[in-house]
Amino acid sequence: MRNKFLFVCMATVVLASCNDNLVYSEFRPIKNGKWQMATPVNFEFSELDSTANYNMFINVRNDETFPFSNLFLITELEYPDGNTIKDTLEYKMAEPTGEWLGKGVGSVKENKLWYKENVSFPQSGVYKVNVFHAMRKNGEVDGLHELDGITDVGLEIEKVPK
C-alpha cells in the first residue's frame, strides 16, 4: 500500500511539472563553478514556429559560494541573417537578509529569470544566444575575470499561449 501511495505522489509531481508550452530547454555546466568573464555560455536553436510568439528565460543555478546578491549578464541574440541584439540585464539573486532566491533543496538554488517576452523568430535557420557575466566589485572598473558560485546556466523558450 505504501509503494502505491509513493507511486501516485511521484506521478502527480511529474505530471504537474510538465509544461506543454516549453519548446526548448538546455543547460550548460560551468566548469568547477567558476565562470570566466571571457567565456560565454552558448546556445543554438532552430525550427521554431515563425507565426508564434515566445517567452525566453535564462536559468541560473548558484551555490553558497556565489558572493553577490545580484547578477549582471550581457546577452547576445544572433539571428540567422547575422543581425545581433545585445542586452545588459540585472537580476536579484538574494534578499537583503542573505536568503537566496530561487528554488531548490540544499546548497544549490535555481533561478528562472525573464530574458525576452513575446518575441518571434521569423527567419529560418539557426539562432544563437550567448550569455556572458558582467560582474565587478563596487568601485572597481575592471570586471571579475572569474565569478564563483555559478554551477549551470540554461536557456528556456516557451510558446506564448494564445
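In what order do the 4 strands of the open sheet that includes β1 stand, and is their pairing parallel or antiparallel? The order is β1-β10-β4-β7, and the pairing is antiparallel. Two strands are taken to pair if DSSP finds at least two bridges between them. The structure is a predicted model, in which local features need pLDDT of at least 70 and side-chain atom pairs count only at pLDDT 80 or more, whereas totals for chains, interfaces and linings use all residues. Residues are numbered from 1 along each chain as its sequence is written, and side-chain values use heavy atoms, with hydrogens and water left out.

The chain contains 1 helix and 10 strands; helices (H or I, at least four residues) and strands (E, at least two) are DSSP runs, numbered from the N terminus. Read from the N terminus, the elements follow the pattern α-β-β-β-β-β-β-β-β-β-β. Of the 162 residues in the chain, 35% are buried, where buried means under 20% relative accessible area, exposed over 50%, and partly exposed in between (1.4 Å probe, protein chains only). The chain exposes about 10,100 Å², with 52% of this area supplied by carbon and sulfur atoms. Accessible areas come from the Shrake-Rupley method with a 1.4 Å probe, and for residues only the protein chains shown count as cover. Among contacts (heavy atoms within 4.5 Å) between residues at least 6 apart in sequence, 78% join residues at least 24 apart.

In the open sheet with the order β1-β10-β4-β7, the edge strands are β1 (22–29) and β7, each of which pairs on one side only. The twist from one strand to the next averages 15 degrees. Axes for such angles are lines fitted to C-alpha atoms, for helices over the stretch in contact, and angles run from 0 to 180 degrees between N-to-C directions. Strand β10 (residues 150–159) pairs with β1 in the antiparallel sense over 7 bridges. Within this pairing, E158 in β10 is the bridge partner of L22.

Another open sheet is formed by 4 strands in the order β3-β8-β5-β6, again with antiparallel pairing. Its edges are held by β3 (41–45) and β6, each with a single partner strand, so one side of each has no neighbour in the sheet. Neighbouring strands of this sheet are turned against each other by 20 degrees on average, direction ignored. The antiparallel pairing of β5 and β6 extends over 9 bridges, and F72 stands opposite E90 in β6. E76 is also placed in strand β5. At 18% relative accessibility, E76 counts as buried. Leaving out residues up to four places away in sequence, E76 touches T84, I85, K86, Y115, K128, V129, N130 and F132.

Aromatic pairs were assigned to rings of Phe, Tyr and Trp (its six-membered ring) with centres within 6.5 Å; planes under 30 degrees apart count as stacked, over 60 as edge-to-face and the rest as tilted. By this rule there are 9 aromatic pairs. The pair of F57 and W114 is tilted, because the ring centres are 4.6 Å apart and the planes stand at 50 degrees. F57 belongs to strand β4 (residues 54–62) and W114 to strand β7 (residues 109–119), so this pair ties together parts that are 57 residues apart in sequence. F57 is buried at 6% relative accessibility, whereas W114 is partly exposed, with a relative accessible area of 46%.

The aromatic pair of Y79 and Y127 is edge-to-face, with 5.3 Å centre to centre and 70 degrees between the planes. Y79 lies in the loop between β5 (70–78) and β6 (84–92) and Y127 in strand β8 (residues 127–133), so distant parts of the chain, 48 residues apart, are linked. D81 lies in the loop between β5 and β6 and is partly exposed at 47% relative accessibility.

Charged groups over rings were assigned where NZ of Lys or CZ of Arg is within 6 Å of the ring centre and within 35 degrees of the ring normal. The charged end of R61 sits over the ring of F27, at 3.7 Å from its centre. The charged end of K112 sits over the ring of F57, at 4.4 Å from its centre.
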